[in-house]
Amino acid sequence: RGVYVAGSQENDSQAKAISGGKGEDRNFSYGNYHALIIGINNYRSIDKLKSAVNDATVISSMLREKYGYKVEMLIDCTRNEIIEALSDFRKKLTNKDNLLIYYSGHGILDKDADEGYWMPVDATINSESNWISNTSLTSSIRAMQAKHVLIVSDSCYSGKIMRSVNVSIGVGDTLKRLSEKRARIVMTSGGLEPVLDSGGADNHSVFSSAFIRALNENNGIESGTEIFAKVRNSVIRNSDQTPEYADIHKAGHDGGDFIFCVLPK
């Protein structure tokens, strides 16, 4: 989103397995689910975006209504508002909690510093004072006590936050086993290339449209890896960008995966 390069339905009950598929225990608890959803369209000093707020709004509603997440949504938010929200989650989450952080907005790559950044609504091109670095995000997530954290980032150059080793389900790994291991994962709309702010269904970005569709098609329990496979295939078919899925470097990942559990009907 942009091309910049520099020199709820509130439900705190624990989600239970509701599908008998894959040999999962129907009574196994996957923990409490929270989400921080960020969408920024109306930038003050740089080009505005068209679909970010719509993407964030629809994803927030789906996570509340279908998955039972307790959702905090930030629209056209400043750097301080994002940092404060992350700090609040650090204080309140426990090892029984899962946190999904979704970001839809501009990203920037500082080639000289070899660092990627999110750009809040108060960001400017010529000063990094209001940018949020991948290093800062990693430090915040590493300090959280949450069992699983998944960042879903629909922005340019978002691949800088990950290392090159992809997360996958190995032989003998059940969803229950993956849930019991600590996870720090990122799903990005692309690697180091610019990504589209449009092109998806219903005025969504290509990536967010694919993510929404994958969430909607899940009728039971799926790992983040399985959700990502659907997203990646759809985005590659419809654009020149290539989504990525990997652990967050130096954030405390221990072999787990994020688990998506729909609410019982």
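User: How many salt bridges does a search of the whole structure find?
Analyst: Keep in mind that this is a predicted model. Side chains of opposite charge can pair when their charged atoms come close. Searching the whole structure for such pairs, the number of salt bridges found is one.

User: Which residue forms a salt bridge with Lys230?
Analyst: Lys230 sits on the helix 6 side of the contact with helix 5. Its salt bridge has the closest N and O atoms 3.0 Å apart, inside the 4 Å cut-off. The partner is Glu222.

User: And is Glu222 buried or exposed?
Analyst: Lys230 has 30% relative accessibility, so it counts as partly exposed. Glu222 comes in at 14%, and the cut-off for burial is under 20%. That means Glu222 counts as buried.

User: Which hand does the crossing of helix 5 and helix 6 have?
Analyst: The residues that meet include Phe207, Ala210 and Ala214 from helix 5, with Ile227, Val231 and Val235 among those from helix 6. As helix 5 passes helix 6, the crossing is right-handed.

User: How many nonpolar residues are in the contact of helix 5 with helix 6?
Analyst: Helix 5 brings in Arg213 and Glu217, among others, and helix 6 brings in residues including Lys230, Ser234 and Asn238. By class, the contact has three charged and two polar residues, and the nonpolar ones number eight.

User: How are helix 1 and helix 5 oriented to each other?
Analyst: The axes of helix 1 and helix 5 come within 10 Å and cross at roughly 10°. An angle under 35 degrees is what it takes for the parallel label. So these two helices are roughly parallel.

User: What is the relative accessible area of Ser60?
Analyst: Ser60 is found in helix 1 (residues 52–65). Leaving out residues up to four places away in sequence, Ser60 touches Ile37, Val71 and Met73. Ser60 is buried, with a relative accessible area of 0%.

User: How far apart in space are Glu65 and Val262, C-alpha to C-alpha?
Analyst: Glu65 is also in helix 1, and at 56% relative accessibility Glu65 counts as exposed. Glu65 and Val262 are 197 residues apart in sequence, yet their C-alpha separation is 9.1 Å.

User: Where is Asp76, the residue with a positive phi that is not a glycine?
Analyst: Most residues other than glycine have a negative phi. Asp76 has a positive one of about 50°, and at 22% relative accessible area Asp76 is partly exposed. Its place is the loop between strand 4 (70–75) and helix 2 (79–92).

User: What is the phi of Lys250 near?
Analyst: Lys250 is in the loop between strand 13 (244–248) and strand 14 (259–261). With 62% relative accessibility, Lys250 counts as exposed. Its phi is positive, in a residue other than glycine, and near 60°.

Methods: Residues numbered from 1 in each chain as written. Predicted model: local features only at pLDDT ≥ 70, side-chain atom pairs only at ≥ 80, totals over all residues. Heavy atoms only, no water. Left-handed = near helix turned anticlockwise from the far one by under 90°. Helix = DSSP H or I, 4+ residues; strand = E, 2+ residues; numbered from the N terminus. Contact = heavy atoms within 4.5 Å. Nonpolar A, V, L, I, M, F, W, Y, C, P; charged D, E, K, R; others polar. Salt bridge = Lys/Arg side-chain N within 4 Å of Asp/Glu carboxyl O. Buried < 20%, exposed > 50% of the residue type's maximum accessible area, 1.4 Å probe, protein only. Axes fitted to C-alpha atoms, helices over the stretch in contact; angles between N-to-C directions. Parallel < 35°, antiparallel > 145°, perpendicular 65-115°, else oblique.
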